Amino acid sequence: MHIPDGFMDLWICAVMYIISAVVIVYSARKLKGKLEGPQVPLIGMVAAGIFAAQMLNWPIPGGTSAHFVGGAIAGILLGPYAGCLSMVSVLTIQCLVFGDGGITALGANIFSMAIVDVFVGYWIFTALRQRNLDVSLFLAGWIGIWLGATATGVVLGVSSVFAYGFVTTVSVMGIWHGALGIIEGIISMLAIKFVLDRQPDLIPVPKEVVA
Amino acid sequence: MVELAGTIKVISKLLRDFLIAEEYAYKAGFLQGVDQRIKLIGIFLLIVLAVSTQNIFFLLFLFLFSLAMVLLSNVSLKIYLPRFGFIPTFAFIIVLPWIFLMPGQPVLSLVGLNATMPGIMYVITFTLRVTACVSCISLLLFTTRVSDLLHTLRSLKIPDPLVDMFGLVYRYLFSFLSELHRMLLGRECRIVSEQKLLKKWNDGGKVVGNFLSRTFSRGENVYKAMKARGYDGTFRTYPQDYKIGAKSVVFIVLVGVMVGIWLVTRL
């Protein structure tokens with residue numbers, strides 16, 4: 001899902017940088033005051049943990065394997081604003097230190113994986129967790145990454161330098177990540193359930209739901 | 001359980017690539033001697049030029065320019081080229097069908113499909129653009145120490161909390177990778193029979209959950225340790241003595257020449 005440099009028109013890169021910058025500034029303002037205490041080390045640690053966990057190879061039928069992104073997990077564990085900043089840290093370090101994703105495409109990559117994935121995942125979780133915790137966690141992971149990938153398809157489809165049309169890029173990214181996203185959903189569900197079983201105070205989930 | 005061999009391979013590749021790049025960043029060379037702020041902005045500008053042109057000659061020239069920078073910076077081409085070769089190959093495969101899909105005068109017929117000249121030019125241009133861009137960003141990876149990069153981001157007025165987080169991610173990533181590796185090996189040692197896929201997934205989910213729990217605990221411990229050492233919400237770093245030397249001036253001139261060529265190719 002990391003878009004390299006050269007796949008998008010310059011104006012789209014600029015627009016995605018502006019949109020992402022606005023959301024990052026808004027998130028930082030929502031955390032105002034908290035970013036001076038334990039929050040910065042905690043966000044940094046969780047970001048490093050998610051980065052490391054992205055290296056895990058998950059076996060899928062057919063002998064191949066997949067990796068997960070972890071945006072929804074970050075949003076649920078840290079809240080949407082801190083989760084967004086943690087994923088921004090991961091994506092920026094991946095771009096500038098490890099060469100994953102382009103520097104002009106960083107705005108678009110942040111938008112899909114640190115904004116759409118995190119916020120959608122968090123909203124789905126908070127909307128559904130009272131009904132069914134497992135389903136809310138699964139859908140948060142699945143739909144978060146699915147819509148994030150679809151956003152990537154949209155920016156690629158709008159770009160004139162990438163010859164494939166809007167319908168093709170959105171369909172390919174949507175269908176492919178709609179299927180792969182099931183893995184993300186299952187991992188999110190299993191991992192956060194495990195965390196909640198051991199540290200139920202970590203996320204303010206109603207007790208009757210946790211039990 | 002997650003696939004151990006594949007995971008270790010991925011972690012090893014990440015560490016190997018990083019350590020090799022870091023080794024070159026400490027060597028004496030042209031780009032290593034350029035002011036980090038100028039280098040970051042200059043490379044960003046070069047990539048912007050590549051993204052905003054369709055001129056095949058400019059893209060080829062930019063790629064050759066980046067290779068010249070590699071040689072001047074004492075980076076081995078044998079190490080440099082394979083490092084980013086995957087992305088241009090991936091880009092080439094993705095756009096390859098456009099050789100036949102792009103409307104135009106057929107120049108070649110292959111198994112009933114007509115390759116057109118506009119199609120061939122599009123595939124070459126696209127692949128070359130991605131290659132030039134990836135080659136330019138790799139210049140940054142191979143010639144910049146992470147500590148310098150963080151200083152540069154600070155001096156470019158990126159908000160401190162964000163740069164602090166970048167620093168923490170970088171500082172603790174390797175420690176977490178090592179911990180994850182140990183956890184996976186430990187679990188693998190305790191498994192005595194072949195697991196079914198569902199069981200593997202269930203175990204894998206617990207590993208990730210356990211790992212995230214440890215991450216939280218580590219976060220709290222790190223904060224306490226930082227607090228004990230005087231952390232008051234801001235990271236204090238050693239002052240960086242930015243000097244714009246001769247290498248920086250030469251780099252500015254070279255980037256200026258590339259901008260000039262880009263402008264000429266657009267006339």
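**Domains, hairpin and interface**

Reply: In this predicted model, the centres of domain 1 of chain B and domain 2 of chain B, taken over C-alpha atoms, are separated by 33 Å.

Me: Which residue ranges make up domain 1 and domain 2 of chain B?

Reply: The domain assignment of chain B places 1–22 + 158–236 in domain 1. For domain 2 of chain B, the assignment gives 27–144 + 240–266.

Me: In which sense do β1(B) and β2(B) pair, and over how many bridges?

Reply: Strand β1 of chain B covers residues 106–110, and strand β2 of chain B covers residues 113–116. The two form a hairpin with two residues between them. In β2(B), B:N114 is the bridge partner of B:S109. The pairing of β1(B) and β2(B) is antiparallel, over four bridges.

Me: Which residue in the turn between β1(B) and β2(B) has a positive phi?

Reply: Two residues lie between the strands of this hairpin. The residue in the turn with a positive phi, about 35°, is B:V111.

Me: How many residues are buried in β1(B), and how many in α7(B)?

Reply: A residue is counted as buried if 20 or more other C-beta atoms lie within 10 Å of its own. Strand β1(B), with five residues, is hardly covered, and its count of buried residues is zero. Helix α7(B) has 27 residues (117–143) and reaches 39 Å from its first C-alpha to its last, close to the 39 Å expected. This helix is mostly covered, and its number of buried residues is 21.

Me: Which element gives the most to the side of chain A that touches chain B?

Reply: The contact involves 57 residues of chain A and 64 residues of chain B. On the side of chain A, the elements that each supply at least two residues are α1, α2, β1, α4 and α7. With 13 residues, the element that gives the most is α2(A).

Me: Why is A:S171 classed as partly exposed?

Reply: A:S171 lies in helix α7 of chain A. Its C-alpha atom is 9.5 Å from that of A:V154, 17 residues apart along the chain. A:S171 is partly exposed because the number of other C-beta atoms within 10 Å is 15.

Notes: Residues numbered from 1 in each chain as written. Chains lettered and ligands numbered in written order. Predicted model: local features only at pLDDT ≥ 70, side-chain atom pairs only at ≥ 80, totals over all residues. Buried ≥ 20, exposed ≤ 12 C-beta atoms within 10 Å, placed from the backbone. Pairing = 2+ DSSP bridges. Contact = placed C-beta atoms within 7 Å. Expected span 1.5 Å × (residues − 1). Domains from an automatic or database assignment.
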